[in-house]
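Please examine the sequence and the structure shown here.

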Amino acid sequence: MAKKSKIARQHQREQTVARYAERRHEFKEASVNPHLTPQERAQAMSALHALPRDASPTRLRNRDTADGRPRGHLNTFGLSRVSFRQAALRGELPGVTKASW
């Protein structure tokens with residue numbers, strides 16, 4: 001189980017990313033647009049750098065939806081490897097069976 005403060009901080013980062021997503025996209029497009037002057041591209045790049053650091057989607061971390069574990073995350077199920085194994089053994093995941101050969 002991850003600390004509640006880490007889970008809350010992650011949630012706050014997700015909100016920040018969503019809030020600045022449109023502006024960030026516009027600045028990124030303008031910064032590489034070959035039809036703009038170099039000064040306009042530089043202004044777009046400086047505006048991009050002026051955004052909060054937590055507005056970048058790379059600052060987000062995939063976490064287990066059940067307990068917030070940050071490592072061993074399986075994107076297909078949204079669970080960590082530990083939670084996935086427990087849920088699969090209990091039969092809570094439809095279509096998932098334990099392999100035996």
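## Glu14 and its setting

Glu14 lies in helix H1; helices (H or I, at least four residues) and strands (E, at least two) are DSSP runs, numbered from the N terminus. Glu14 is partly exposed, with 39% relative accessibility; buried means under 20% relative accessible area, exposed over 50%, and partly exposed in between (1.4 Å probe, protein chains only).

The model is predicted: local features need pLDDT of at least 70, side-chain atom pairs count only at pLDDT 80 or more, and totals for chains, interfaces and linings use all residues. Residues are numbered from 1 along each chain as its sequence is written, and side-chain values use heavy atoms, with hydrogens and water left out.

## Asp54

Glu14 and Asp54 are separated by 40 residues in sequence, and their C-alpha atoms are 8.5 Å apart in space. Asp54 is placed in the loop between H2 and strand S1 (73-74). Asp54 is buried, at a relative accessible area of 12%.

Beyond its neighbours within four places in sequence, Asp54 is in contact (heavy atoms within 4.5 Å) with Arg9, Arg13, Thr16, Val17 and Arg59. The side chains of Asp54 and Arg9 make a polar contact at 2.8 Å; such a contact is a pair of N or O atoms within 3.5 Å, where within protein one must be able to donate a hydrogen and the other to accept it, and residues adjacent in sequence count only if both atoms are side-chain atoms.

## Contact of H1 with H2

In H1, Arg24, Phe27, Lys28, Ala30, Ser31 and Val32 meet Arg41, Ala44, Met45, Ala47 and Leu48 of H2.
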